[in-house]
Amino acid sequence: MNFKAAMFDFDGTLTEKGHPTPAQEMVDALVDLSQKMPIGFCTGRQLESFKRRALSKLLEEVNDEERPKFMENLYLFSENGAIGYDFNPKLGEFEEIYRVEWPKEFIEREKLRTILNEAVKEYGEILYNAHEIVVVMGTKFYYEDMPAIDEVYKLADKIYEVTLDVLKKINPNYAEYVHVGNSGIGVIVSPKNGDKDAAIEKFGQFLTQNRGMEFDARYSEILTVGDSAQVGGNDFYFLNGRFGTPYSVGEILPDNSLIQSVKNAKGERVLHSNGTLKLVRSLP
Ligand SMILES: [Mg+2]
């Protein structure tokens, strides 16, 4: 496949598990890739967090020659795809392309945050004042130095289970309104129509309409890479193959023949940021 654009999950895909920012070699590889094609970062994080954790590092690394193309090719899909942004080089800022709305007919967002904050308190808490559309819970280690990352993942699994129970009680048909995604370091409840698969479609539409690019009906020329493609993972919809060509660098490879993985010379899977780096470097 000759890819024309690429989309990346952030945590566990561009960063190593448990690391807040991408390594230097990943930053270099992404800047190189931006000289060839549009790149969309597709993350559960909100705009501010992405700017702090990723954009600042990328901008430090771009040289004057690379800068125009890098900025032209920079896109962000935050809050698990609920809001999309195009980077405006003149303003030096991200500009919103779209945002979906919270499904109030299911439950008011504030009310859900209150209920969930109480329900998950043994394992974590609602992250207030951060996200604009989605409802996000971090583990209780979110604001502290994380212990062994696997302990964090276990807490996120607990928060995920509790969240499903809460949603089922509100409405057994909750899945008609919201999706629940576990990123391993937190859990996101997002509008069903604003998940990461919708972001792929919107990215493809934007590139078609605004940059004259051509794609097939599934936007399969868009490479999508994530690490949480398992049922309940926050890349489940991102990598379900409805749009884009999906690659998983997560430990669990779902039983979905559409998802490809990255392998070394011995045929072993290469995971997380090492897998993504290998894949990005292999692109023509
Ligand atoms: Mg991830």
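Two strands are taken to pair if DSSP finds at least two bridges between them. On this basis, the predicted model contains an open sheet of eight strands with mixed pairing, in the order β5-β4-β3-β2-β1-β10-β11-β12. The edges of this sheet are formed by β5 (93-99) and β12 (260-261), each of which has a single partner strand, so that one side of each is left without a neighbour in the sheet. Within the sheet, β3 and β4 run antiparallel and are joined by four bridges, and in this pair L76 stands opposite Y85 of β4.

In total, the secondary structure of the chain amounts to seven helices and 12 strands. The radius of gyration is 18 Å, close to the 19 Å that the globule rule gives for 284 residues, and the chain is therefore as compact as a globular protein of that length. The C-alpha trace spans about 50 × 40 × 35 Å along its principal axes, and 46% of the 284 residues count as buried. Of the contacts between residues at least 6 apart in sequence, 62% join residues that are at least 24 apart.

The domain assignment divides the chain into domain 1, which comprises residues 5-100 together with 194-282, and domain 2, which comprises residues 109-193. The centres of domain 1 and domain 2, taken over C-alpha atoms, are separated by 23 Å, and the contact between them takes 22 residues from domain 1 and 22 residues from domain 2. On the side of domain 1 that touches domain 2, the residues divide into 11 polar, six nonpolar and five charged.

In soluble globular proteins, nonpolar side chains tend to be buried together. In the present model the largest nonpolar core has 74 residues, and those with the most contacts inside this core are F41 and F203. Helix α5 (residues 149-170) provides the largest share of the core, with six residues, while at least three residues are drawn from each of domain 1 and domain 2. When residues up to four places away in sequence are not counted, F41 touches F8, F10, F50, A54, L76 and F77; one of these residues, L76, is also the residue that stands opposite Y85 in β4.

Helix α7 (residues 272-282) also contributes buried positions, namely H272, S273, G275, T276, L277, L279 and V280. The elements that cover these buried residues of α7 include the strands β1 (5-8), β10 (222-226) and β11 (245-248) as well as helix α1 (24-34). The three strands named here, β1, β10 and β11, follow one another in the order of the eight-stranded sheet.

Most residues other than glycine have a negative phi, and most peptide bonds are trans. Because a residue is buried if 20 or more other C-beta atoms lie within 10 Å of its own, N80, with 32 other C-beta atoms within 10 Å, is buried. Y219, likewise not a glycine, has a positive phi of about 55° and is found in the loop between α6 (196-211) and β10. With 23 C-beta neighbours inside 10 Å, Y219 also counts as buried.

Technical notes
Residues are numbered from 1 along each chain as its sequence is written. This is a predicted model: local features need pLDDT of at least 70, side-chain atom pairs count only at pLDDT 80 or more; totals for chains, interfaces and linings use all residues. Domain bounds come from an automatic or database domain assignment. Two residues are in contact if their C-beta atoms, placed from the backbone, lie within 7 Å. Ala, Val, Leu, Ile, Met, Phe, Trp, Tyr, Cys and Pro count as nonpolar, Asp, Glu, Lys and Arg as charged, and the others, Gly among them, as polar. A residue is buried if 20 or more other C-beta atoms lie within 10 Å of its own, exposed if 12 or fewer, and partly exposed in between; C-beta atoms are placed from the backbone. Helices (H or I, at least four residues) and strands (E, at least two) are DSSP runs, numbered from the N terminus. The radius of gyration is taken over C-alpha atoms; the globule rule is 2.2 Å times the number of residues to the power 0.38. A nonpolar core is a set of buried Ala, Val, Leu, Ile, Met, Phe, Trp, Tyr and Cys residues joined through C-beta atoms within 7 Å.
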